[in-house]
Amino acid sequence: MVLMTAKLSKSKRIAIALLLVMLIVIVGICLSRAGKSGAQPSEPETAVPAQTVKTNAERIAFLTAFGWEVSDEPVQTQQVRVPTDPTEVFLRYNDLQRSQGYDLSTLAGKTLARYVYEVLNYPEADGKYYATILVYKDAVVGGDICSSTPSGVMHGFQMPD
């Protein structure tokens, strides 16, 4: 049986101990950062699956899935920015979005595409109705159905009973 020993000076033992401690700290930091970046943000319980709408036909198909018949082309297309300092109006609108599984507050400061279509089959329509789809990176992130009359209604994509 062969036994080998090595004599290390006190300064070498301290240096090795410090290196081991530093290695443990670095590994711990890397693991904690990996856990944070790999974690997915929690979605609301009513979250809707991401719906890709790269084309006009896909946006119309999205609205058709809810039973809406809409104009062939949007009557309005524009870029809108989600506010970073939400107003009371934005918070109320976002409550509507959250009720249908979207949350615009997660997109604060981002620019969205807004497509507005005329609704052609609103039940018992009194005046014109419009469907608005909000899109970010080719995915629906919100929207509504609303009346153009001053006392009109605004609701989510689901067709009223």
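How many salt bridges does the count come to by the rule applied here? The count comes to one, a salt bridge being a side-chain nitrogen of Lys or Arg within 4 Å of a carboxyl oxygen of Asp or Glu. The points below begin with the basis of the model and return to this pair at the end.

1. Basis. This is a predicted model, in which local features need pLDDT of at least 70 and side-chain atom pairs count only at pLDDT 80 or more, while totals for chains, interfaces and linings use all residues. Residues are numbered from 1 along each chain as its sequence is written, and side-chain values use heavy atoms, with hydrogens and water left out.

2. Confidence. The protein has a mean pLDDT of 81, and 71% of its residues reach 70 or more; pLDDT is the predictor's confidence in each residue, from 0 to 100. Helices (H or I, at least four residues) and strands (E, at least two) are DSSP runs, numbered from the N terminus. Over residues 35-47 pLDDT stays under 50, and the model has six contacts beyond four places in sequence for them; a contact means heavy atoms within 4.5 Å. Where pLDDT is low, the predicted coordinates should not be read in detail.

3. Five strands form an open sheet in the order 1-2-3-4-5, with antiparallel pairing; two strands pair if DSSP finds at least two bridges between them. Strand 1 (76-81) and strand 5 (154-155) are the edge strands, each pairing on one side only. Strand 3 (residues 129-136) and strand 4 (residues 139-147) run antiparallel and are joined by eight bridges. Tyrosine 130 has cysteine 146, in strand 4, as its bridge partner.

4. Helices on the sheet. Helix 2 (residues 56-64) packs on the sheet and touches strand 2 (111-119), strand 3 and strand 4. Helix 3 (residues 88-99) also packs on the sheet, touching strand 3, strand 4 and strand 5.

5. A buried residue. Threonine 132 is found in strand 3. Its relative accessibility is 3%, so threonine 132 counts as buried (under 20% relative accessible area; exposed is over 50%, partly exposed in between, with a 1.4 Å probe and protein chains only). Beyond four places in sequence, threonine 132 touches residues including Tyr115, Asp144 and Phe157.

6. The salt bridge. Glutamate 88 pairs with arginine 92, their closest N and O atoms being 3.2 Å apart. Both lie in helix 3, four residues apart, about one turn of the helix. Glutamate 88 counts as exposed because its relative accessibility is 59%, and arginine 92, at 52%, also counts as exposed.

Note on methods:
Axes are lines fitted to C-alpha atoms, for helices over the stretch in contact, and angles run from 0 to 180 degrees between N-to-C directions.
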